[in-house]
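Here are some notes to read alongside the structure, written as numbered points.

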Amino acid sequence: MKYYIIAGEASGDLHGSNLIKEILKKDKEARIRCWGGDLMQNAGGELVSHYKDRAYMGFAEIIKNLSKILGFIKSCKEDIARYQPDALIFIDNSGFNLRIAKWAKPAGFKTFYYISPQVWASRAGRVEAIKATIDHMYVVLPFVKPFYEKYNYEVTYVGHPLIDAIAQRPKVDAATFKTENKLSEKPIIALLPGSRKQEITKMLSVMLSIVDDFPAYQFVIAGAPSQEYSFYEQFISKKNIKFISNKTYGLLQNATAALVTSGTATLETALFKVPEVVCYKGSWASYQIAKRIVTLKYISLVNLIMDEEVVTELIQDDLNTANIKKELAKILQPEYRKNLLEKYDLLEQKLGGVGASEKTASLIVTELKKN
């Protein structure tokens, strides 16, 4: 069979790579073409376009680069038409993928969606477009299935692929990790400022503003694979700040606490059992638009899944030096940490065990073999 997989960011590349591995186990002669990243390519996909070339964040940034985005959409449609895949698989990245799906379904392609667009967070009207253009939807968050049921759309809950990704990660002990990465013996505060230049610029300076208040710790920036060290260098002005590129999981395995930009990383951090403070700050225009269309009580996946404020969220004007200092000090306290880690255990139970990637691949391959 011929598969065409489209992902648009680092997390999609990770989950797409594990899906590719499972598809290749079940369909030995599978040919896979993809829009994604290095991980999908290394897993066996033929990479057409790298997600870092399409990484636009926020409404204002998207509008500014609209002509480029439309060019990517046109190019993607043309490539799919030439390739003629048996299965077209979308991973998250709704702004791009739903536009491709709207064209692909009437064109006769079999469409699958792995990791639902966040229609449960905003613009629920998109559900009708999904129902019209997606043959099979596989969701990874437990509350998303009942959401779709309200719209008479049957989807399959497969569990969360982060459980798979983390389970596959070999454990590196703290002493070895620190030695290999030239870190001191001090306990680590991990800084995860995101993967796009716009969000890193917004988040990292304010995250680093509290470094002098915690001299007993070393602060380590998790560098995104899509960015060069030269970009981060402008923010690193103190000896107690270290930088490690493309080793986020190893860093989280050995971190005492973390400051994390809102997104998939908040859930990853919780699954590694690291106390965290969730941070988010967008441009004024993007934030004003988002505030009016997002219908959720929380922005972090941890709180959304648990339906309570398990981790503190510092959003927009609340993301400032004083608040970060206060909340970081709180999660470093033993009793607070103990209670938080107990909540993390309940979170992991809600997400189920390993197997999301294998289950999704099996369902897709079985569906294709019916025809």
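1. Let's begin with the core. In this predicted model, the largest nonpolar core has 125 residues. Tyr3, Ile6, Ile89, Tyr114, Tyr148 and Leu328 are the residues with the most contacts inside this core. Helix H10 (residues 197-208) supplies the largest share of the core, namely six residues.

2. Next, the seven-stranded sheet. Seven strands make an open sheet with parallel pairing, and their order is E3-E2-E1-E4-E5-E6-E7. Strand E3 (46-50) and strand E7 (156-157) are the edge strands, each pairing on one side only. If you want to look at the E7 end, strand E6 (residues 136-139) pairs with E7 in the parallel sense over two bridges. There, Tyr138 has Thr156 in E7 as its bridge partner.

3. Two helices to find on this sheet are H1 and H5. Helix H5 (residues 94-104) packs on the sheet and touches E1, E2, E4 and E5. The direction of H5 makes about 155° with that of E4. Helix H1 (residues 10-26) lies across strand E1 (2-7), strand E2 (31-36), strand E4 (87-91) and strand E5 (111-114). H1 runs at about 165° to E1.

4. Ser49 is found in strand E3. Is Ser49 buried or exposed? Ser49 has 9% relative accessibility, and because buried means under 20%, Ser49 counts as buried. Leaving aside residues up to four places away in sequence, Ser49 touches Cys34, Trp35, Gly36, Arg54 and Phe72.

5. H5 also has a helix partner. How do H5 and helix H6 (residues 126-133) cross? Their axes come within 9 Å and cross at roughly 45°, and H5 and H6 are therefore oblique to each other. The crossing of H5 and H6 is left-handed. On the H5 side the contact is made by Ser94, Leu98, Ala101 and Lys102, and on the H6 side by Arg126, Ile130 and Thr133.

6. Now for the six-stranded sheet. Here six strands form an open sheet with parallel pairing, in the order E10-E9-E8-E11-E12-E13. Its edge strands are strand E10 (241-245) and strand E13 (312-315), and each pairs on one side only. On average, neighbouring strands of this sheet are turned by 25° against each other, direction ignored. Strand E9 (residues 218-223) pairs with E10 in the parallel sense over five bridges, and Ala222 stands opposite Ile244 in E10.

7. This sheet carries helices as well. H13 packs on the sheet, where H13 touches strand E8 (188-192), strand E11 (255-261) and strand E12 (276-280). The direction of H13 makes about 165° with that of E11. Helix H16 (residues 321-331) packs on the sheet too, touching E8, E9, E11, E12 and E13. For H16, the angle with the direction of E11 is about 145°.

8. Finally, follow H13 to another helix. Helix H13 (residues 264-271) packs with helix H17 (residues 334-351) at an angle of about 110°, and their axes are 9 Å apart. Angles of 65 to 115 degrees count as roughly perpendicular, so H13 and H17 are roughly perpendicular to each other. H13 passes H17 in a left-handed crossing. Which residues meet here? Leu267, Ala270 and Leu271 in H13 meet Tyr344, Leu347, Glu348 and Leu351 in H17.

Definitions and conventions: Residues numbered from 1 in each chain as written. Predicted model: local features only at pLDDT ≥ 70, side-chain atom pairs only at ≥ 80, totals over all residues. Heavy atoms only, no water. Pairing = 2+ DSSP bridges. Helix = DSSP H or I, 4+ residues; strand = E, 2+ residues; numbered from the N terminus. Contact = heavy atoms within 4.5 Å. Axes fitted to C-alpha atoms, helices over the stretch in contact; angles between N-to-C directions. Core = buried A, V, L, I, M, F, W, Y, C linked by side-chain atoms within 4.5 Å. Buried < 20%, exposed > 50% of the residue type's maximum accessible area, 1.4 Å probe, protein only. Parallel < 35°, antiparallel > 145°, perpendicular 65-115°, else oblique. Left-handed = near helix turned anticlockwise from the far one by under 90°.
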